[in-house]
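Work through the exercises below with the model open. Try each task before reading its solution.

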Amino acid sequence: LSGGGVMSSEEDSDEDPRFAAVINAVLSAVSSLQGRPEVKLETLQSHRTQNDLWVMIAGHIFNISGLITGSYGKRHPGGTKILTNLISKMGQNHDCTASFSKFHYPSGNGVKWMRDMYIGPAEKKITNLRN
């Protein structure tokens, strides 16, 4: 989630092979964790601070707080400022899919760490919102 900005899903490029590869890698990383309850919009929106930050990537919710606080035993390699800048730029649905896919690789740590940060799938109401 580096790069400092969050792009709306309207800016996503379905034609970009890297975008598709990263999204497929994220979905693969969490596929064995299915069965978790859907995250409601109100719950997602209550996690929007530096010490408690949840984001949506590819229709799934992840708690990235530990990458800022270091509680996962690792910090964001691009720096924590990149993540804290997301707070002011996120739309109402916290969608960071485009930014994540732009600055991460399918086999990179960002995707590998997704399993540890996974909360659950976003309810349809969230994925239908536009930033």
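**Exercise 1. What covers the buried residues of α1?**

Start with the ground rules. This is a predicted model, in which local features need pLDDT of at least 70, side-chain atom pairs count only at pLDDT 80 or more, and totals for chains, interfaces and linings use all residues. Residues are numbered from 1 along each chain as its sequence is written, and side-chain values use heavy atoms, with hydrogens and water left out.

Step 1. Read off the cover, where contact means heavy atoms within 4.5 Å. It includes the strands β2 (52-57), β3 (60-63) and β4 (118-121). The helices α5 (97-103), α6 (109-112) and α7 (114-117) are also included.

**Exercise 2. Check the span of helix α1 and locate its buried face.**

Step 1. Helix α1 covers residues 17-30, which is 14 residues. The expected span is 1.5 Å times one less than the number of residues. That gives 20 Å, and the end C-alpha atoms are 20 Å apart, so the two agree.

Step 2. List the buried residues (buried is under 20% relative accessible area, exposed over 50%, partly exposed in between; 1.4 Å probe, protein chains only). They are Phe-19, Val-22, Ile-23, Ala-25, Val-26, Ala-29 and Val-30.

Step 3. Look down the axis of α1. The buried residues fall within an arc of 155 degrees (taken from the directions from the helix axis to the C-beta atoms). They therefore line one face of the helix. An α-helix has 3.6 residues a turn, so residues three or four places apart point the same way.

Step 4. Turn to the face away from the buried side. It carries the exposed residues Pro-17 and Asn-24.

**Exercise 3. Which order do the strands of the open sheet have?**

Step 1. Two strands pair if DSSP finds at least two bridges between them. The open sheet has 4 strands in the order β1-β2-β3-β4, with antiparallel pairing. The edge strands are β1 (48-49) and β4, each pairing on one side only.

Step 2. Go through the pairs.
- β1 and β2 pair over 2 bridges; Arg-48 has Leu-53 as its bridge partner.
- β2 and β3 are joined by 4 bridges; Val-55 stands opposite Phe-62, Trp-54 partners Asn-63, and Met-56 partners Ile-61.
- β3 and β4 are joined by 3 bridges; His-60 stands opposite Pro-121.

Step 3. In β2, 5 of the 6 residues are buried, so the strand is largely enclosed by the rest of the structure. In β3, His-60 and Phe-62 point one way, Ile-61 and Asn-63 the other way, and all are buried.

**Exercise 4. Where do Ala-58 and His-94 lie?**

Step 1. Ala-58 is in the loop between β2 and β3. This hairpin has 2 residues between the strands. Phi of Ala-58 is positive, about 55 degrees, although the residue is not a glycine.

Step 2. His-94 lies in the loop between α4 (80-89) and α5. Phi of His-94 is also positive, near 60 degrees. His-94 counts as buried, at 0% relative accessibility.
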